[in-house]
Amino acid sequence: MRDLLLRHTCRVAVFLLCPLSLTAAELHVGPTGSDANPGTKDAPLKSLAAARNAAGPFAGKEAVTVHVADGVYYLPETLVFTSADSGTEDYPIVYAAEHEGGAVLSGGTELRLAWQPYRDGIFQAATPPGLEIDQLFVDGACQRMARYPNYDAAKTTAAYQGYAADAFSKDRAAGWADPTGGYIHAMHRSRWGGYHYRITGKTPDGEVAYEGGWQNNRQMGMHKDFRMVENIFEELDAPGEWFHDAKSNMLYYQPLPETNLAEAKVEVVRLRRLVEFQGSEESPVRHITLQGFVVRHAARTFMETREPLLRSDWTIYRGGAFLLTGTEHVSILDSEFDQLGGNAIFVNNYNRRTLVKGCHIHDVGASGICFVGDPDAVRNPLFEYGQKNDLSAIDRTPGPKTNNFPAQGVVEDCLIHGVGRVERQPAGVQIAMAMEITVRDASIYDCARAGINIGDGCWGGHLIERCDVFDTVLETHDHGSFNSWGRDRYWSSDRSASQVEVDADPNLPFLDAIKTTVLRNSRWRCDHGWDIDLDDGSSNYEIYNNLLLNGGLKFREGFRRRAWNNIMVNNGFHPHVWYAQSGDEFFANIVMADVKGIRAPTDTATGKTIDRNLFFVADPKAKDKYARQGWDRNSVVADPKFVDPVAGDFQVKEDSPALAIGFRNFPMDQFGVKKPSLRAIARTPIIPDLNTDRSEDASSANASPKAATDAFWLGAKLHSLAGEEFSAFGARKEDGGVALIQVPPASEAARCGLKENDLIQAVNGRQVADTSQLLKALIDAGQAPLNVKLIRNQQVAAVAIAASPYLVAESSETAEGFKTLPLPSSPAGKVTTNQGTANQPVSVLVDGRLAPNYGPVFRNGVSSGIYKIDLGESLPIAAVTSWSHNQNNIRGPQNVTIYGSATKTDPGWNLHDASRFVPLGTIDTTGLAAGTFNAASLRARPGQALGKFRWILWSVSPVTSRAENTAFQELAVEVAE
């Protein structure tokens with residue numbers, strides 16, 4: 001640069017005609033400068049816009065450096081760079097702070113206020129007319145709009161750090177004179193992000209009126225509890241809160257105890273975008289670097305976050321404090337992005353080789369860094385989750401349609417934390433419709449949602465390496481520290497439709513995910529989801545040399561995912577809902593839990609290789625969980641002999657059995673940011689204590705017994721969801737649900753329109769969280785028509801059932817008191833049991849009498865008792881009924897599953913043999929009040945039959961926490977006329 005200055009001395013003769021030419025290669029900007037100055041060190045310019053204009057004549061001809069002195073630069077408008085401002089590879093243009101962190105770019109302005117006491121510790125000050133305030137900063141710290149409920153920083157994992165179901169209730173709003181201009185913030189009902197609304201007033205009857213709610217692409221409504229309101233004057237009641245009355249031009253503020261308002265610096269926000277690069281593929285902005293700045297005071301954009309991304313949960317706002325469109329070789333280096341209202345950096349549509357390096361991004365309203373392309377570059381794009389392509393008619397050309405997307409971008413050596421302070425659909429780094437994005441040597445934590453999110457398979461080739469990502473999914477649900485989707489053109493919410501087409505064309509899943517995405521040499525920890533979550537359709541991934549500290553690894557629907565040489569502390573592998581012939585591989589990993597399959601594997605969906613893993617668990621049979629599908633036949637259960645797990649060194653010793661199954665050590669000191677100044681302040685994750693006792697069979701002696709028998713309704717097998725299973729069905733834990741995990745084609749359930757993997761959540765408007773509640777709801781419904789609300793392929797649906805077999809329960813204080821279910825006048829059949837019973841002989845079960853005793857009861861602890869009646873020949877069965885006595889006030893309830901068999905000879909006791917037994921239904925009265933005598937019945941509609949059978953079996957489960965069985969008194973089978 002010194003030589004460059006010397007070359008410019010020949011121009012001194014024309015200085016008066018062109019005063020900037022002498023120092024065009026070395027421009028200077030200072031807060032006390034003037035845009036009329038020549039831009040020398042002694043006579044600096046005042047604004048970066050003037051420096052940009054001054055550099056213009058030399059752009060592409062000379063290397064230009066703009067030195068920006070320490071100070072605050074309040075930008076009057078967005079600083080825009082166009083292709084005319086570009087440098088070249090040989091002559092780049094650099095805008096650099098003289099001292100890193102010394103020059104502050106602000107999208108706000110400073111207010112000079114005269115504060116006066118108002119009341120209750122609140123002060124007031126007049127503001128300039130026409131001023132709109134989105135954010136208020138006092139001495140550099142962002143303050144909070146008056147809100148309810150109040151903010152509590154200690155509630156790091158509570159929605160909005162404070163929520164209330166009555167946030168905008170009619171009763172609450174009754175105390176608000178005029179809430180117009182306030183905001184409602186609410187989590188998605190399944191906590192897949194959030195919604196935001198602007199309050200427009202109150203209705204004549206006092207309800208709050210509002211608009212908005214477009215910030216989530218899965219429109220299912222707001223959560224009933226996780227709600228908060230802000231910018232309501234009457235809610236100004238806590239230190240740090242403020243309210244601006246734009247009508248009266250008055251600002252109200254309750255200062256923190258340590259704040260001296262007389263001397264405090266007060267700033268407000270004006271701009272959404274501070275710096276914008278406006279180019280295109282045809283005319284890009286090239287070779288410009290911004291280095292060493294602090295970037296503050298960008299307005300919140302949550303009400304503009306409305307563009308849906310491809311069939312994900314996300315909507316986005318294409319903007320940020322820095323917005324890059326149509327650039328090549330633009331670099332953002334060594335800069336701090338501090339307390340911004342929306343996204344910090346947004347790399348939009350066509351961009352190539354963007355570099356973000358050495359930056360500290362923290363306390364941002366939305367995402368840290370976004371790389372998002374143009375949906376028009378995608379072939380056959382769809383936006384809402386439930387939309388489906390006609391797979392027989394889609395474009396089969398691999399890859400993008402245009403170049404209008406980010407590619408070859410790099411995020412390197414950055415510290416990113418405090419992500420999603422306003423919005424609940426953020427990520428430290430978000431990638432969608434982009435190619436070959438690299439994120440390396442980054443520390444990302446304290447995220448409302450995912451640390452790194454890849455929103456689709458278009459077009460892969462991303463590299464995530466040497467990152468440290470933890471404390472994520474703090475407020476949302478069903479995600480991971482790393483989260484991805486692959487709902488690309490091949491994918492359908494109707495998985496069978498995709499399967500048929502992929503079977504015919506195995507290359508179909510890779511039409512969009514054309515390049516392999518690699519996750520390697522990184523450390524992940526998520527305490528509220530999975531460490532690495534490859535969700536719907538995610539395909540073409542390689543995952544190796546990763547240390548997973550808590551949540552394990554999830555593969556849901558997708559193709560060709562390979563995971564090897566990873567360590568999963570206190571967790572393991574989670575295969576969810578796999579396709580057949582997926583090509584998935586999981587080998588040479590160290591895990592600390594058995595495989596947690598949900599609707600996977602199946603006999604037809606087993607992946608390519610799940611083997612040669614080391615299970616560091618207490619149960620020696622843990623590896624055999626899916627032996628039937630051929631998994632882990634060559635895996636071992638052993639201690640891997642970690643070097644120093646307490647200190648976070650999970651390398652294995654030289655004599656480790658892990659080495660024999662193919663595991664190889666990888667460095668444990670490579671995770672996260674490397675830049676010394678950032679590494680000195682970066683947090684690291686808590687290293688967990690090892691827990692090798694993770695057997696699912698361990699249970700408390702006082703726990704209620706699990707039902708030993710399978711449960712059925714209309715011939716469909718029932719399953720109550722628990723834990724991570726909700727994710728596989730797209731449901732939330734608060735609602736619960738009962739899955740139909742088997743629906744035989746000839747079953748009554750299939751005839752009624754129910755399908756396998758339907759998740760029932762309500763019957764006749766009554767929520768059913770589990771199998772017991774479903775069966776109770778069916779008893780209460782009796783013969784009435786049923787309206788079944790369910791989730792099918794992650795979409796809410798309803799099935800109306802006008803007529804089907806039904807359940808009846810009745811109690812009586814006397815044997816003669818039954819009105820609906822009286823004892824049969826002539827009992828039929830011979831009773832046998834699969835194991836011994838106590839007290840009375842089994843013959844009393846068909847004697848036509850009830851007695852106040854135990855009857856032929858199965859002993860305590862027996863959880864697989866079966867009673868069987870032989871009718872002598874196959875007959876059409878109209879009803880099956882059983883009566884019990886409430887012995888000791890505990891043995892009256894019944895929990896039975898009824899089977900029929902039409903074999904000519906005794907079918908035996910193996911109820912899982914579908915060639916011999918047909919499940920007719922389950923009755924569970926354990927949630928009902930018991931009388932002295934109790935009856936329960938499964939019944940066909942008049943003129944119909946449950947089927948034609950010779951043998952009827954009652955498979956019973958204990959009904960008390962001490963595993964005590966029902967005191968059955970009578971069994972009866974009614975034959976249809």
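In this predicted model, four strands form an open sheet in the order β7-β20-β10-β11, and their pairing is antiparallel. Strands β7 (108-111) and β11 (141-142) stand at the edges with a single partner strand each, so one side of each is left without a neighbour in the sheet. Strand β10, which covers residues 136-138, runs antiparallel to β11 and is joined to β11 by 2 bridges; here Phe 137 stands opposite Cys 142 in β11.

The largest nonpolar core has 91 residues, and those that touch the most other members are Tyr 95, Phe 322, Phe 337, Ile 345 and Leu 553. Helix α2 (residues 48-55) gives this core its largest share, 5 residues. Another core, of 51 residues, lies apart from it and includes Leu 754, Ile 801, Ile 869 and Ile 877. Leaving aside residues up to four places away in sequence, the contacts of Tyr 95 include Leu 48, Ala 51, Arg 52, Ala 55, Phe 81 and Phe 293.

The model also holds 6 cavities of 30 Å³ or more, and two of them are set out below.

| Cavity | Volume | Lining residues | Classes in the lining |
|---|---|---|---|
| Largest | about 120 Å³ | 17 residues | 12 nonpolar, 4 polar, 1 charged |

Nearest the centre of the largest cavity lie Trp 713, Leu 778, Pro 805, Tyr 806 and Leu 807, and at least two lining residues come from each of β60 (711-713), α8 (771-781), β67 (806-812) and β73 (918-924).

Methods. Residues numbered from 1 in each chain as written. Predicted model: local features only at pLDDT ≥ 70, side-chain atom pairs only at ≥ 80, totals over all residues. Heavy atoms only, no water. Pairing = 2+ DSSP bridges. Core = buried A, V, L, I, M, F, W, Y, C linked by side-chain atoms within 4.5 Å. Buried < 20%, exposed > 50% of the residue type's maximum accessible area, 1.4 Å probe, protein only. Contact = heavy atoms within 4.5 Å. 1 Å grid on protein atoms, 1.4 Å probe; cavity = no way out; pocket = protein on both sides within 12 Å on 5 of 7 lines; lining within 4 Å. Points joined across faces, edges and corners; volume = space filled by probe spheres on them. Nonpolar A, V, L, I, M, F, W, Y, C, P; charged D, E, K, R; others polar.
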